[in-house]
Amino acid sequence: MTQMNASVESGPAPNVVPDAVAVERTLAGDREAYRVLVERHSQNVYRLAYRMAGNSHDAEEIVQEAFLRGYQKLRQFAGQSNFGTWVYRIAANYAIDRIRQRKVEDSRRELPSRATEDGQETDPLSMVKDSAPSPERLAGSSQLALRMQQALRELTPAERTAIVMRHWDGCGIEEIAAVLKSSTTAAKNTVFRAVQKLRTALEPFAEGRATAKAMGME
């Protein structure tokens, strides 16, 4: 921390250094200045990575790779957009690549298991924390949370990216389209398909407000 303070002591405190200034200092050779950007935006990137990957190990790798690529390509950034948005897009694209790679790897070592109605294998994640006091309510909520994770994994990489960006991170259609490298119309359609698939998957577990809440759309 002492080194970082020393590298920016001639200007504002590290926590208030504008992104543009931190980028300029990094490009000028001040590697510590890049830590300001990492610390400022890593939490937002991690949220995306965790929802895309479904586990903390892969999420951490996505975050590290996103900021590494951001550092390596910083001259290409050139202040064309907000740095946070830029590195978020890098993380989203890398997560998409990982999802596609994982699907290929999983299909190669596929083991017998119960398939969903559309023929895709289910791979439940760990039980998520739930504070409901009733055992019956707890079981139902846990099943709903698990099914949500399963349903997300059954989406295509583009659909998963679109639903996470739109309904959890509140991104605009234009930003989603930029990440997916598609038109805004195509991005809207991708979001719509993802929503419909999740609603169908969650119908046996919840109705009305419960389903919308579980999907993060309320």
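A salt bridge is a side-chain nitrogen of Lys or Arg within 4 Å of a carboxyl oxygen of Asp or Glu. The side chains of E61 and R98 meet in one, at 2.9 Å from N to O. The legends below describe a predicted model.

**Figure 1. The protein chain is built from 11 helices and 0 strands.** Along the sequence, the pattern reads α-α-α-α-α-α-α-α-α-α-α. The chain has 218 residues, and 39% of them are buried. Take the contacts in the chain with a separation of 6 or more: residues 24 or more positions apart account for 58% of them.

**Figure 2. R98 pairs with two acidic residues, D58 and E61.** R98 forms a salt bridge with D58, and the closest N and O atoms are 2.9 Å apart. R98 sits in helix α6 and D58 in helix α4 (residues 56–72), so this pair ties together parts that are 40 residues apart in sequence. The side chains of R98 and E61 also meet in a salt bridge, again with 2.9 Å from N to O. E61 lies in helix α4 and R98 in helix α6, so this pair ties together parts 37 residues apart in sequence. E61 is partly exposed, at 30%.

**Figure 3. E159 and K197 form a salt bridge.** The closest N and O atoms of this pair are 2.9 Å apart. The pair links distant parts of the chain: E159 is in helix α8, K197 is in helix α10, and 38 residues separate them. E159 is buried, with a relative accessible area of 2%. K197 counts as partly exposed, at 39% relative accessibility. A search of the whole structure finds 9 salt bridges. Elsewhere, E32, R35 and E39 are linked in a network of salt bridges.

**Figure 4. Helix α8 (residues 157–167) is mostly covered.** Of its 11 residues, 8 are buried. Among them are P157, T161, A162 and M165. R160 also lies in helix α8. R160 is buried because its relative accessible area is 5%, and buried means under 20%. Which residues does R160 contact, leaving aside its neighbours within four places in sequence? They are R51, M52, A53, I99, L152, R153 and L155.

**Figure 5. The largest nonpolar core has 50 residues.** L48, F83, I163 and I176 have the most contacts inside this core. Helix α6 (residues 83–108) gives the largest share of the core, 11 residues. In soluble globular proteins, nonpolar side chains tend to be buried together. L48 touches Y88, A91, A92, V164, M165 and D169, not counting residues up to four places away in sequence.

**Figure 6. L198 is a buried residue in helix α10 (residues 184–202).** The relative accessible area of L198 is 0%. What separates the C-alpha atoms of L198 and M148? The distance is 7.4 Å, although the two residues are 50 residues apart along the chain.

Technical notes
Residues are numbered from 1 along each chain as its sequence is written. This is a predicted model: local features need pLDDT of at least 70, side-chain atom pairs count only at pLDDT 80 or more; totals for chains, interfaces and linings use all residues. Side-chain values use heavy atoms; hydrogens and water are left out. Buried means under 20% relative accessible area, exposed over 50%, partly exposed in between (1.4 Å probe, protein chains only). Helices (H or I, at least four residues) and strands (E, at least two) are DSSP runs, numbered from the N terminus. Contact means heavy atoms within 4.5 Å. A nonpolar core is a set of buried Ala, Val, Leu, Ile, Met, Phe, Trp, Tyr and Cys residues joined through side-chain atoms within 4.5 Å.
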